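Good morning, and thank you for joining.

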Amino acid sequence: MSGEPEVHEEFEARLKAYEGRPAAATGVGRDPVNEPMIRHWCEAMGDTSPAYTGPDAIAPPTMLQAWTMAGLTRRPVRTAAYDELLTLLDESGHHAVVATDCEQEYLRPLRPGDEITFDSVIESVSGRKTTKLGAGYFVTTRTDIRAGGEPAGTHRFRILKYAPAHRSSKPAERRPRPVVNRDNAGFWEGVARHALLIQRCTACATLRFPWLPGCATCGSLGWDTVEASGEGTVYSYVVMHHPPFPAFEPPYAVGLIELAEGVRIVSNVVGVPYDKVRIGMPVRLEFRRYDDELVLPVFQGVTP
């Protein structure tokens, strides 16, 4: 008993020594804040706010990290200190990693033409925590973002470096149940009878998904439904590898599906290998029963 806590305290003191040290080299945004990127972001998010267009446009605040990202062809330049910290955790058996959450603080609006600079530090390393994935340490980095030399925002990113828990054999887990409430009950009633229902505003005829109590276009609370044809395309997708969840067998593809009616829905892409899913791939709606209670809409990939 006397030895193990001391070992943990010594190890955690070594981890704590990295707090406050740089996590990435001081950086410069690859491009100034610019209108094309703002337009692409708004189109992808379906955000039609007039604040992001016109001569007095600002960038959506949630784009904060976009101006600091290295892009697909380059990696962020990590410091030796951050690499040492991750190596220390790897060598102690905490070799698995999962991103857990991020936080952003907005200090001033960003406008087209703003030149972005930033730096990143290791803000904190937690004590040893026990999670369902396994025991490990939360590492938080903080990136301070400046525009024209002035503070513009802060982005915190947190990962868990952990030793995977040993899983004993258990009965097969059930898939999580959807959260059904007054606002979306009609949607799930439709799914139960194999109909994918889209809300339609009775005042301006705008279709909306997911279901909401009011129309984002005109504010009307009146609505009815139309049934989706079931045809669509993959608008975007991710392949899930980690973390493993009970009742799911990674890797598998999760798609943002653009329905023929123009709205988008998140669901699994099935019937094709996960590494064959592509943006623009045609898909067709089907309903799958996962147990006695649960039916879900999924989308079958259609290959040429």
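The accessible surface of the chain is about 18,000 Å², and carbon and sulfur atoms hold 55% of that area. Such areas come from the Shrake-Rupley method with a 1.4 Å probe, and for residues only the protein chains shown count as cover. Please note that this is a predicted model, in which local features need pLDDT of at least 70 and side-chain atom pairs count only at pLDDT 80 or more, while totals for chains, interfaces and linings use all residues. Residues are numbered from 1 along each chain as its sequence is written, and side-chain values use heavy atoms, with hydrogens and water left out.

Of the 304 residues in the chain, 35% are buried, that is, under 20% relative accessible area, against over 50% for exposed and in between for partly exposed.

The chain has four helices and 14 strands; these are DSSP runs, with helices (H or I) of at least four residues and strands (E) of at least two, numbered from the N terminus.

Finally, His-194, in the loop between α4 (185-192) and β7 (197-201), has a positive phi near 65 degrees without being a glycine. His-194 is partly exposed, at 43% relative accessibility.

Definitions and conventions: Buried means under 20% relative accessible area, exposed over 50%, partly exposed in between (1.4 Å probe, protein chains only).
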